[in-house]
Amino acid sequence: MTVLAVIPARGGSKGVPAKNLAPVGGVPLVVRAVRACLAARRVTDVVVSTDDALIADAARAAGADVVLRPAAIAGDTATSEAAVLHAMDAYGALRGDGAEGAAVVGSPGSPDVVLLVQCTSPFLTAEDLDGVTGAVTEDGADTALTVAPTHGFVWRQDGAGRARPDGYGVNHDKANRPRRQDRPQEYLETGAAYAMRADGFREARHRFFGRTALVPTDPARVLEIDDPHDLARARLLAPLLDPQVLPSYDDVDAVVLDFDGTQTDDKVHIDSDGRETVAVHRGDGLGIAALRRSGLELLILSTEQNPVVAARARKLQVPVLHGIDRKDLALKQWCDEHGIAPERVLYVGNDVNDLGCFGLAGWPVAVASAHDEVRAAARAVTTKPGGEGAIREIATWLLGPALKTTPAVAAVPAVPAETPAPRTPHTLHTVNK
């Protein structure tokens with residue numbers, strides 16, 4: 001049985017510019033939706049319908065197929081149903097024999113079930129998608145949708161626009177408010193996922209025909225992004241709701257490190273002569289040396305024009321760019337010069353001047369002591385604060401606790417790593433300006 005998931009993701013958005021590419025938990029919304037679909041057991045095909053080249057590129061990189069949507073159904077008034085029907089036709093022709101009418105029901109490219117998946121619901125799960133699909137494929141429903149159980153009292157106002165409108169209960173009598181356990185269970189449509197028999201959808205041309213099944217989901221995960229406040233809330237919730245997925249060696253080609261607050265504790269010590277020193281962690285030096293030996297490209301990228309940054313980079317034998325105002329532009333240029341795809345970069349930062357690089361890198365990582373906005377935009381967060389072993393922790397994600405390189409790379413001549421102090425492996429090392 002073919003189950004086609006269609007993700008409408010047009011480029012225009014008035015409430016949140018470039019909304020479908022906005023990162024939540026370090027991952028663009030459209031990519032989050034694609035990953036949920038690909039992880040669902042019952043979904044066989046995933047297609048993103050878009051009119052935007054950047055969205056199309058992101059969707060393909062995430063593993064989805066792309067259907068380019070014509071302008072006639074890409075405006076503010078276009079319905080999701082129109083996008084799904086168009087995607088079914090285009091994808092059916094692609095998967096069929098290429099002949100005229102290849103997308104009709106029963107043709108090689110025709111799906112049995114079609115899903116409408118909204119990438120503006122960032123916390124949609126594969127289990128939600130399998131649930132609505134199973135309601136159609138196994139339980140005999142014609143259509144299904146994700147819902148959140150609710151016991152809330154719903155109100156409306158009578159006489160809107162009047163000086164003194166009267167409020168009245170929609171699902172209750174305001175003169176008689178029964179206890180929660182005495183009220184019938186009600187459900188809120190989440191707007192995240194809908195499943196439909198493909199032939200019935202073609203005939204009805206709307207998503208709720210025949211018998212409709214309600215598939216409950218976790219109310220804590222229900223959030224639709226319509227304005228900047230929704231997006232900010234989603235980013236704050238992501239560290240709590242997203243499973244922590246850590247990168248592996250195979251996920252990245254380069255590691256780019258901020259300096260202050262990432263390799264240090266963000267403090268500067270000044271002696272009586274005005275000389276500045278910072279504290280760094282020997283374990284971080286050990287981790288950086290192992291990353292260098294592994295064959296990954298490394299770079300230290302800092303806003304500070306400070307000799308201490310260059311001194312530390314020389315000791316670690318890592319290239320450095322410092323005194324950089326636009327770190328994102330510098331990172332993009334560095335990637336272009338080294339032939340590295342930004343989505344294969346792990347970037348480590350701690351403050352708001354790192355957010356531009358977070359938007360470029362495929363693996364934006366925040367240290368535990370990072371600014372709240374930076375933690376919210378990160379794809380992964382270390383348990384260690386900056387300057388206290390956070391970089392060593394990241395190295396273990398990529399190379400394992402023993403910091404072993406892969407056999408294929410181990411033959412590369414090694415550069416001696418920093419050696420921890422004999423009795424106190426976590427001794428802080430002071431670097432003079």
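Trainee: How many helices and strands are there in the chain, and what makes a run count as one?
Mentor: The chain has 13 helices and 20 strands. Helices are DSSP runs of H or I with at least four residues, strands are runs of E with at least two, and both are numbered from the N terminus. This is a predicted model, in which local features need pLDDT of at least 70, side-chain atom pairs count only at pLDDT 80 or more, and totals for chains, interfaces and linings use all residues. Residues are numbered from 1 along each chain as its sequence is written, and side-chain values use heavy atoms, with hydrogens and water left out.

Trainee: Why is Gln 118 called buried?
Mentor: Buried means under 20% relative accessible area, exposed means over 50%, and partly exposed is in between (1.4 Å probe, protein chains only). Gln 118 has 16%, so it is buried. It sits in the loop between S6 and helix H4 (126-137). Beyond its neighbours within four places in sequence, Gln 118 is in contact (heavy atoms within 4.5 Å) with Pro 8, Ser 80, Gly 191 and Ala 192. Across the chain, 48% of the 433 residues count as buried.

Trainee: Is Arg 205 buried or exposed, and what is noted about its phi?
Mentor: Arg 205 is at 53% relative accessibility, and therefore counts as exposed. Its phi is near 65°, a positive value in a residue other than glycine. Most residues other than glycine have a negative phi. Arg 205 lies in the loop between helix H5 (198-204) and S11.

Trainee: What makes Gln 317 partly exposed?
Mentor: Its relative accessible area is 46%, so the label is partly exposed. Gln 317 is in the loop between helix H8 (307-316) and strand S16 (320-322), and its phi is near 60°, again positive in a residue other than glycine.

Trainee: How do you know how H1 and H2 are oriented to each other?
Mentor: Helix H1 (residues 29-39) and helix H2 (residues 53-62) pack at about 30°, with their axes 9 Å apart. Axes are lines fitted to C-alpha atoms, for helices over the stretch in contact, and angles run from 0 to 180 degrees between N-to-C directions. Angles under 35 degrees count as roughly parallel, over 145 as roughly antiparallel, 65 to 115 as roughly perpendicular and the rest as oblique. H1 and H2 are therefore roughly parallel.

Trainee: Which residues of H1 and H2 meet?
Mentor: Val 30, Val 31, Val 34 and Leu 38 in H1 meet Ile 55, Ala 58 and Ala 62 in H2. The residues of this contact divide into seven nonpolar, no polar and no charged. Here Ala, Val, Leu, Ile, Met, Phe, Trp, Tyr, Cys and Pro count as nonpolar, Asp, Glu, Lys and Arg as charged, and the others, Gly among them, as polar.

Trainee: What makes S5 and S11 the edge strands of the seven-stranded sheet?
Mentor: Two strands pair if DSSP finds at least two bridges between them. The open sheet has the order S5-S4-S1-S6-S10-S7-S11, with mixed pairing. Strand S5 (65-68) and strand S11 (212-216) each pair on one side only. Strand S7 (residues 143-150) and S11 pair in the parallel sense over five bridges, and Ala 144 stands opposite Ala 213 in S11. H2 lies across strand S4 (45-50) and S5, at about 170° to S4.

Trainee: Which strands stand at the edges of the six-stranded sheet, and why?
Mentor: That open sheet has the order S16-S15-S12-S17-S18-S19, with parallel pairing. S16 and strand S19 (380-381) each have a single partner strand, so one side of each is left without a neighbour in the sheet. Three bridges join S15 to S16, with Ser 302 opposite His 322 in S16. Four bridges join strand S17 (residues 345-349) to S18.

Trainee: How do you know that both faces of S18 are covered?
Mentor: In strand S18 (residues 363-366), Trp 363 and Val 365 on one side and Pro 364 and Ala 366 on the other are all buried. Trp 363 is also the bridge partner of Leu 346. Helix H12 (residues 390-399) lies across S12, S17, S18 and S19, at about 160° to S17.

Trainee: Why is Glu 297 called partly exposed?
Mentor: Its relative accessibility is 34%, so it falls in that class. Glu 297 lies in strand S15 (residues 297-302) and touches several residues more than four places away in sequence, including Val 255, Trp 334 and His 338. Glu 297 and Val 255 are 42 residues apart in sequence but 6.3 Å apart in space, C-alpha to C-alpha.
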